[in-house]
Amino acid sequence: MKAVLFSTLLAAVLLASCSNEIQESKVPSVVKNTLVTTFSYTGPVDWEKEQGNYEAEFREDTLGYKALISPQGVLLRYKEPIAPSDLPAPVQQVLQEQYRDHGVEDLEKLVMGEQAYYQLELEKGLKELQVVITADGMITNAVRYWD
């Protein structure tokens, strides 16, 4: 019984130490100001530290957003959920031609600087596929799918 209790406690400690979550009070004000001036979010913000940058998860209206901001307050990228009807025609064409038999699970617009990408989580049977497509309809591996 002691071994089971010890194992459970050890697992909980290890999981907690792997978390990148940080308290809002530890986020630099320049980072928080970027979030406030760029988005009109409601409710709390969940902050994580990712490779020296600050990742914010928040809700705008009823939709979940995510933003990555440098320690200097530069918005590096953000993603927002969109409706299929909001996809550019070239992206819709790729879906029709190459993924017609897939269901769309997740559909998000990913913005990096002035460039917009569309990331889709597709499902066919039990298989899931994550795809990033440029606004002009090119499937790209240069930009990773951002969970």
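Hi everyone. Before we start, residues are numbered from 1 along each chain as its sequence is written, and side-chain values use heavy atoms, with hydrogens and water left out. Because this is a predicted model, local features need a pLDDT of at least 70 and side-chain atom pairs count only at pLDDT 80 or more, while totals for chains, interfaces and linings use all residues.

Let's begin with the sheet. Helices (H or I, at least four residues) and strands (E, at least two) are DSSP runs, numbered from the N terminus. Two strands pair if DSSP finds at least two bridges between them. In what order do the eight strands form the open sheet? The order is β1-β2-β3-β4-β5-β6-β7-β8, with antiparallel pairing. β1 (21–22) and β8 (127–134) are at the edges with a single partner strand each, so one side of each has no neighbour in the sheet.

Now some of the pairings. β1 is joined to β2 by two bridges, running antiparallel, and Glu-21 has Glu-48 in β2 as its bridge partner. β3 and β4 are antiparallel too, over seven bridges, and there Ala-56 is partnered with Ala-67 in β4. Further along, four bridges link β4 to β5 (residues 75–81), again antiparallel, with Leu-75 in β5 as the bridge partner of Ile-69.

Let's look at the turns. β3 and β4 make a hairpin with two residues between them, and Asp-61 sits in that turn with a positive phi of about 60°. The hairpin of β4 and β5 has five residues between the strands, and in its turn Gly-73 has a positive phi of about 90°. Here is some background: most residues other than glycine have a negative phi. Asp-61 is not a glycine, and yet its phi is positive. Gln-51 gives us another case, with a positive phi near 50°, and its place is the loop between β2 (42–50) and β3 (53–60).

Are those two residues buried or exposed? For these words we use relative accessible area: buried is under 20%, exposed is over 50%, and partly exposed is in between, with a 1.4 Å probe and protein chains only. Gln-51 is exposed because its value is 82%, and Asp-61 is exposed because its value is 64%. β4, on the other hand, is mostly covered, with five of its seven residues buried.

On to the inside. As a general point, nonpolar side chains tend to be buried together in soluble globular proteins. A nonpolar core here is a set of buried Ala, Val, Leu, Ile, Met, Phe, Trp, Tyr and Cys residues joined through side-chain atoms within 4.5 Å. How many residues does the largest one have? It has 14, and Leu-35, Phe-39, Trp-47 and Phe-58 have the most contacts inside it. The elements giving it two or more residues are α2 (29–38), β2, β3 and β4. There is also a second, separate core of 13 residues, including Leu-87 and Leu-107.

Phe-39 deserves a moment. Phe-39 counts as buried because its relative accessibility is 9%. Rings of Phe, Tyr and Trp (its six-membered ring) pair if their centres lie within 6.5 Å; planes under 30 degrees apart are stacked, over 60 edge-to-face, and the rest tilted. That rule gives five aromatic pairs. The ring centres of Phe-39 and Phe-58 are 5.0 Å apart with planes at 55°, so this pair is tilted. Phe-39 lies in the loop between α2 and β2 and Phe-58 in β3, so the pair ties together parts 19 residues apart in sequence. With Tyr-78, the centres are 5.2 Å apart and the planes at 80°, so Phe-39 and Tyr-78 are edge-to-face. Tyr-78 is in β5, so that pair ties together parts 39 residues apart in sequence. Ring pairs link Phe-39, Tyr-41, Phe-58, Tyr-65 and Tyr-78 into a cluster.

Last stop: helix α3 (89–98). Its buried residues are Val-91, Val-94 and Leu-95.
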